[in-house]
Amino acid sequence: MSPLNELYGQIALCQKCEIAKFRTKVVPGEGAEDADIMFIGEAPGWHEDQQGRPFVGPAGQFLDKLLATINLNRQQVYIANVIKCRPTNNRDPLPAEMQNCRPWLDSQIEIIKPKIIVTLGRYSMAMYFPGKSISKIHGTAQKRDDIIYYAMYHPAAALHQQSLRQAIEADMLKIPKILAEATNVQEAEPQPQQLNMFEV
Ligand code: URA
């Protein structure tokens, strides 16, 4: 069994949060085990809870379209959420739920070893860009250790708001260049650990 499938088996048994009792299906994440790009959303909604797959409702269809603009599909990337169970009535994830679920996400990152982690929305952004405002940092990247973190608006928020939609479309188009630069950097000499924000 692949390390990801083994992890999915463990996630399916998790009962750390109250919401685990009410889920139809757990939504661990899906995509390529060796993906260069990992997208992290917020939490499963109704559609995701029904299917056990991330981003399969309207926000997911928009994400698929955004991926197509950079000639990618969801099988070529990895898509996960901050929490793996649907919060009751689609409420926001609670800090305790995010904390309980964090080891699962960390294990996914450990297995996949993405070059870029793209945060979708405020909740995943807060994990990797603490204290920052999404309206200020969307479309910017930060390199830490061997991973580039890149913040984008959440597709559900951008779907119906014209200004956010333009922003998320433009931010998606920057990803290939960031990936190309990350690949060049990693193929050259190993870099000293650094923490720097850069505009792309
Ligand atoms: N919104 C999210 O943040 N994640 C999903 O999987 C679906 C909608």
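1. An N or O atom of the Glu42 backbone is 2.7 Å from an oxygen of the ligand, and one of the Ala43 backbone is 3.1 Å from a ligand nitrogen.

2. This is a predicted model, in which local features need pLDDT of at least 70 and side-chain atom pairs count only at pLDDT 80 or more, while totals for chains, interfaces and linings use all residues. Residues are numbered from 1 along each chain as its sequence is written, and side-chain values use heavy atoms, leaving out hydrogens and water.

3. The ligand is surrounded by Gly41, Glu42, Ala43, Glu48, Pro54, Phe55, Asn81 and His154, where a residue counts as near if one of its heavy atoms lies within 4 Å. By class, this shell holds 3 nonpolar, 3 polar and 2 charged residues; Ala, Val, Leu, Ile, Met, Phe, Trp, Tyr, Cys and Pro count as nonpolar, Asp, Glu, Lys and Arg as charged, and the others, Gly among them, as polar.

4. The count of disulfides is 0, a disulfide being a pair of cysteine sulfur atoms within 2.5 Å. For Cys17, the closest cysteine sulfur is that of Cys101, 6.3 Å away and therefore too far for a bond. Cys85 is likewise in no disulfide, with the sulfur of Cys101 as the nearest at 6.4 Å.

5. Cys17 is buried at 15% relative accessibility, and Cys85 is buried at 10%; buried means under 20% relative accessible area (1.4 Å probe, protein chains only).

How values were computed: A polar contact is a pair of N or O atoms within 3.5 Å; within protein, one must be able to donate a hydrogen and the other to accept it, and residues adjacent in sequence count only if both atoms are side-chain atoms. Buried means under 20% relative accessible area, exposed over 50%, partly exposed in between (1.4 Å probe, protein chains only).
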